[in-house]
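Here are my notes on the model you sent. Please read them with the structure open.

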Amino acid sequence: MRLYLPEIVRANKPLVREETIELRGIEREVPQLVRLDPVWVRVTASEESGLFHVHAEHRTRASLTCSRCLSPFEKTLSGQWTQEFTNRADRADQDQICFVEGDHIDLTPYIREAVLLELPYAPVCREGCKGLCPECGVDRNRETCLCRTERIDPRLAVLKELRIPED
Ligand SMILES: [Zn+2]
Ligand SMILES: [Zn+2]
């Protein structure tokens with residue numbers, strides 16, 4: 001998604017652009033991301049003395065694999081960010097201002113970064129997903145198995161060994 005700077009300068013009110021973009025190859029960067037839908041983006045851009053103010057909102061859906069039970073699930077991702085750009089070298093040394101060469105700002109890398117930040121490192125299909133049984137592999141959200149996987153406190157384990165003598 002590219003913005004043409006002279007167009008922002010010429011506009012007498014903030015320029016609004018809406019686009020749906022593909023973030024190609026993003027699935028390769030996130031192990032649990034199966035597929036990302038095209039991303040809807042709305043950008044508002046304005047200029048003042050060589051400084052371009054860009055505000056972007058985005059929304060998309062991600063197909064993910066639950067990191068506990070390995071089931072596929074979908075999650076809506078949405079967010080917004082603001083960034084200042086300039087094409088004047090004398091202003092670019094200020095913090096937080098990105099320097100752009102030429103007449104265009106390519107926003108795709110910024111959108112990609114914002115979407116990546118929203119993807120959880122270890123996604124879970126629901127709060128409290130019980131995951132798979134480490135012994136037999138059943139999905140503990142759907143089935144109950146008889147495996148004893150709960151870890152017994154070693155102090156209690158000692159007590160379990162004690163037998164009360166029967167008469
Ligand atoms: Zn799960
Ligand atoms: Zn089990």
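1. Valine 100 contacts Phe85, Asn87 and Ile105, leaving aside neighbours within four places in sequence. Two residues are in contact if their C-beta atoms, placed from the backbone, lie within 7 Å. Valine 100 sits in the loop between strand 7 and strand 8 (104-106). It is partly exposed, because 17 other C-beta atoms lie within 10 Å. The cut-offs: a residue is buried with 20 or more other C-beta atoms within 10 Å of its own, exposed with 12 or fewer, and partly exposed in between; C-beta atoms are placed from the backbone. Alanine 89 is 11 residues away in sequence, and its C-alpha lies 8.8 Å from that of valine 100.

2. A word on the source. This is a predicted model, in which local features need pLDDT of at least 70 and side-chain atom pairs count only at pLDDT 80 or more, while totals for chains, interfaces and linings use all residues. Residues are numbered from 1 along each chain as its sequence is written, and chains are lettered from A and ligands numbered from 1 in the order in which they are written.

3. Now the overall layout. The protein has four helices and eight strands. Helices (H or I, at least four residues) and strands (E, at least two) are DSSP runs, numbered from the N terminus. Along the sequence the pattern reads β-α-β-β-β-β-β-α-β-β-α-α. Of the 167 residues, 14% count as buried. Among contacts with a separation of 6 or more, 56% are between residues 24 or more positions apart.

4. How are the strands paired? Two strands pair if DSSP finds at least two bridges between them. Strand 2 (15-21) and strand 4 (39-48) are antiparallel, with seven bridges. Threonine 20 stands opposite tryptophan 40 there. Strand 4 also runs antiparallel to strand 5, over nine bridges. Valine 41 has histidine 58 as its bridge partner in strand 5. Strand 5 and strand 6 are antiparallel too, joined by 15 bridges. Glutamate 57 faces glutamine 80 in strand 6. Strand 6 and strand 7 (residues 97-99) pair in the parallel sense, over three bridges. In that pairing, phenylalanine 85 has cysteine 98 as its partner.

5. Check the two hairpin turns. Most residues other than glycine have a negative phi. Strand 4 and strand 5 form a hairpin with two residues between them. Serine 49 lies in that loop, and its phi is positive, near 40°. Serine 49 counts as exposed because it has 7 C-beta neighbours inside 10 Å. The hairpin of strand 5 and strand 6 has six residues between the strands. Leucine 70 lies in this loop and has a positive phi of about 65°, although it is not a glycine. With 13 C-beta neighbours inside 10 Å, leucine 70 is partly exposed.

6. Val39, Val41, Val43, Ala45 and Glu47 point to one face and are buried.

7. Which residues of helix 3 are buried? In helix 3 (residues 108-118) they are Tyr110, Ile111, Ala114 and Val115. Seen down the helix axis, they fall within an arc of 135°, so they line one face. The arc is that of the directions from the helix axis to the C-beta atoms. The face turned away carries the exposed residues Pro109, Glu113 and Leu117. The cover over the buried residues includes strand 2, strand 4, strand 5 (51-65) and strand 6 (72-86).

8. The largest nonpolar core has 19 residues. Such a core is a set of buried Ala, Val, Leu, Ile, Met, Phe, Trp, Tyr and Cys residues joined through C-beta atoms within 7 Å. Val43, Phe52, Val54, Ala56, Leu107 and Ile111 touch the most other members. Strand 4, strand 5, strand 6 and helix 3 each give two or more residues to this core. Strand 5 gives the most, with five. Leaving aside residues up to four places away in sequence, alanine 56 touches Val41, Val43, Gln80, Trp81, Leu107 and Ile111.
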